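This report walks through selected packing and pairing features of a two-chain model. The sequence and structure come first.

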Amino acid sequence: MLWNTLLLAMRAIRRNLLRSFLTILGVVIGVAAVITMVTLGNGATRSVSDQIASMGSSQLMLRPGQRFGPGAEAAPNFRLADVEAIRHQLSGAAAVVPVVSASATAVYQANNWSTSVTGTSNDYFAAANWVIATGRGFTEAEERAGKAVCVIGNTLRDKLFGQQPAVGAEIRIKQFACEVIGQLKAKGQSAMGSDQDDIVVMPLRTVQRRLAGTVDVNLIMVSVAAHASIDEVKTQFESLMRERRKIGEGEDDNFRVMDTRQIAETLTGTTRILTMLLGAVAAVSLLVGGIGIMNIMLVSVTERTREIGIRLAIGALEHEVLLQFLIEAVVLSSLGGAIGIALATAASMALAGVMNVPYLFDPAINLLSFVFSAAIGVIFGYFPARRAARLDPIEALRHE
Amino acid sequence: MSAATPLIRLTAITKTYGRGQAEFQALKGIDLAIAEGEFIAVMGPSGSGKSTAMNILGCLDTPTSGSYEFQGVHVEHLSRDARALLRRHFLGFVFQGFNLLSRTTALENVELPLIYRGAPAATRHAAAHAALDQVGLAGWEHHTPAELSGGQQQRVAIARAIVTGPKVLLADEPTGNLDTHNSQEIMELIATLNRDRGITVLIVTHEPDMAAYARRVVRFVDGRVASDHRQEGAG
């Protein structure tokens, strides 16, 4: 009997091609829109969290000053003595890295490029999650002596050297010549959208003496040891700095300790909200698609009621008629859902390429949108039919 | 079945529509016995209840009171599904408005009752072709109702009604939408089915020309049987 009912359902789908097509279309639009939007949103979130991971994890960053904007006093920078004190007194710190920043124009033969200069120790590469692609980092002797050596980022390498080898060459920065000893593996854009690879890294002393002309340190990065709690180290760090900078009780800090985990949470939180927003917009298309299906189904009730009357009059049982309508609705909705998923997959892959975000298949959203659209198709295909199938055949036949 | 037990027996059948002030009694107590192989024309003016009686006989509608025996079984006590099975196995219905499935070929329309019977595809095709052949539509199997004339559509409807080999063929004004020529052909066809295959035929009509084919004429007036007499069938 199931086989025969299946046959009847298929014949009904075939003889109402336009209605079948529109029903499928409604499901396709809803399913494809939701899946595409959410998949791209997920890709964007992943891309942001990847960028955050490229910053290095479990880090505390100490900067002078409490807040920006008017009324903010210029807070003093740190000294190497601070770095030494942190190294010795802060337990739970795996590495303490001083950083001084400057900007300068780098020149190689006829090429020049304005870039940012970072003066730091060799620990910086590990702490900031840099990989040296070719060449080497700084030796202790180079750091102590403030030698003119540098490790360059991928962007700078491209701008100055093109396809030529960079390691071993000499570039000129401001007034001094500097030997390129290493080259960093590319990281790409930061979560804030700046180019992380436009960088040249030198020993701290080199930058302090030859570029900045001070003994200041702008930023101290502390990598938290794997076994230590970030929050505890941060609290300890803050009280140590208050003590060293002689901040009295009740006075505000004149420095800030930022936690990369916090930054990461803020940024992923933002993209997650964006994804939800996109999902909400897509849910509207799902709803509109659903209303389309509903419309088609309800408009065809009159014709279908007469059809049901005919079927009942020639001896169909109520449940046979209902099963046929159910199969019809399930077949159309499933077909629409399958096409929608296929379309969404193709569109997401193409758009992910264009938007430069990874394509991530999300089974939950595929299933959810499929089930929702299919349910609308089935409910609005089935319930009007159920009402008609409960009529006396003669009433169904007379239906206008 | 003994000659004493008729195929169909209606006893004191009434049918009331609406309620209260709007109540309308379409049938006010019908008694009728029909033997196997009869060809009966049911006549009467509009609103006399002849179509209502026909729908009750065809198990498409239920009586308000009274008893309806079909081969000794009390139909008024049967469930919806049991009455559907009665229609499926013993009754064929032809309507004034044809009631074919639109956008569906003649062959598929005729096959429909056999699908519900669960007949295998080969049997189904053969029977449907034979039925269409019998109503003179060989060669028109793959045309949809929209591509057929009124007379042809009614032939498809008759083929659909007889494809299962029913005991009774009920036709409610089968020629009501047809011209004289087509009407006569349809009546000839029905008369042949009655004569050659022994199908019991009941037709509702208000045209004396059509009623002339029957061997028994039952006349309805105001929801009652006003006269019931036998005649020489022209078919």
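Two strands count as paired if DSSP finds at least two bridges between them. The model is predicted.

**Strand pairing around E1(B)**

In E2(B), B:Ala33 is the bridge partner of B:Arg9. The two strands involved, E1 (residues 8–17) and E2 (residues 24–34) of chain B, run antiparallel and share eight bridges. Six residues separate them in their hairpin, where B:Gly18 has a positive phi near 70 degrees. E1(B) also pairs with strand E4 (residues 65–70) of chain B, again in the antiparallel sense, over five bridges. There, B:Thr11 faces B:Ser67 of E4(B).

**The six-stranded sheet of chain B**

Which order do the strands of the open sheet follow? The order is E6-E7-E8-E3-E9-E10 in chain B, six strands with mixed pairing. Strand E6 (91–94) and strand E10 (224–230) of chain B are the edges, and each pairs on one side only. On average, neighbouring strands are turned by 15 degrees against each other, direction ignored.

B:Val94 sits opposite B:Ala171 in E7(B). Helix H5 (residues 150–162) of chain B packs on the sheet and touches E6 and E7 of chain B. The direction of H5(B) makes about 170 degrees with that of E6(B).

**Two helix pairs**

H5(B) also packs against a helix, H3(B).

| Helix pair | Angle | Axis separation |
|---|---|---|
| H3 (residues 106–117) and H5 of chain B | about 30 degrees | 7 Å |

Why do H3(B) and H5(B) count as roughly parallel to each other? Angles under 35 degrees fall in that class, and the angle here is about 30 degrees. H3(B) and H5(B) are therefore roughly parallel. Their crossing is right-handed. H3(B) brings B:Ala106, B:Asn109, B:Val110, B:Leu112 and B:Pro113, while H5(B) brings B:Val156, B:Ala159 and B:Arg160. By class, this contact has six nonpolar residues, one polar and one charged.

The crossing of H1(A) and H11(A) is right-handed. On the H1(A) side, the contact residues are A:Thr5, A:Leu6, A:Leu8, A:Ala9, A:Ala12 and A:Ile13. H11(A) answers with A:Glu320, A:Leu323, A:Gln324, A:Ile327, A:Glu328, A:Val331 and A:Leu332. Nine residues of this contact are nonpolar, two are polar and two are charged.

Chain A splits into domain 1 (2–51 + 265–398) and domain 2 (76–253). The C-alpha centres of these domains of chain A are 56 Å apart.

Technical notes: Residues numbered from 1 in each chain as written. Chains lettered and ligands numbered in written order. Predicted model: local features only at pLDDT ≥ 70, side-chain atom pairs only at ≥ 80, totals over all residues. Helix = DSSP H or I, 4+ residues; strand = E, 2+ residues; numbered from the N terminus. Axes fitted to C-alpha atoms, helices over the stretch in contact; angles between N-to-C directions. Contact = placed C-beta atoms within 7 Å. Left-handed = near helix turned anticlockwise from the far one by under 90°. Nonpolar A, V, L, I, M, F, W, Y, C, P; charged D, E, K, R; others polar. Domains from an automatic or database assignment. Parallel < 35°, antiparallel > 145°, perpendicular 65-115°, else oblique.
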